Amino acid sequence: MASSMVARRVLAAASHGQEGGAKTWKILSFVVALPGVAVCMVNAYLKMTSHSHETPEFIPLSLSLSLSLSLSLSLSLSLSLSLSLSLSLSLS
């Protein structure tokens with residue numbers, strides 16, 4: 001409750017310096033913000049209607065390909081860990 005009173009006092013003190021501040025923000029909201037939201041909504045609708053949502057054909061991975069992918073991932077993780085350890089040791 002006390003913090004809301006402080007916030008009101010700060011906002012009230014700040015608004016005394018600019019008499020047209022609220023009017024300016026109201027005009028900006030109607031002239032800039034609302035048309036911007038409308039343009040984004042139209043863009044999203046047009047993109048949604050132009051693209052088809054067909055699912056591609058499922059092609060299962062072979063066992064050798066999945067093993068090579070997991071091996072390369074584990075090697076890259078171990079390499080990044082060793083690099084980060086060597087950097088942390090060299091910095092200390």
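Helices here are DSSP runs of H or I with at least four residues, and strands are runs of E with at least two, numbered from the N terminus. UniProt, in an unreviewed entry, puts a "transmembrane region" at residues 27–46 and another at 58–83; such annotations may be inferred rather than shown by experiment. The model is a predicted one, with local features needing pLDDT of at least 70, side-chain atom pairs counting only at pLDDT 80 or more, and totals for chains using all residues. Numbering runs from 1 along each chain as its sequence is written, and side-chain values use heavy atoms, leaving out hydrogens and water.

Helix α2 takes in residues 21–50. Its 30 residues should span 44 Å at 1.5 Å a residue, and the end C-alpha atoms are 42 Å apart, which agrees; the expected span is 1.5 Å times one less than the number of residues. There is still a bend of about 35° at Ser 29, taken as the angle between axes fitted to the seven residues ending there and the seven starting there.

Val 31 also belongs to α2, and it counts as exposed because its relative accessibility is 57% (exposed means over 50%, buried under 20%, partly exposed in between, with a 1.4 Å probe and protein chains only). As for the rest of the fold, the protein chain has 3 helices and 0 strands, in the order α-α-α.
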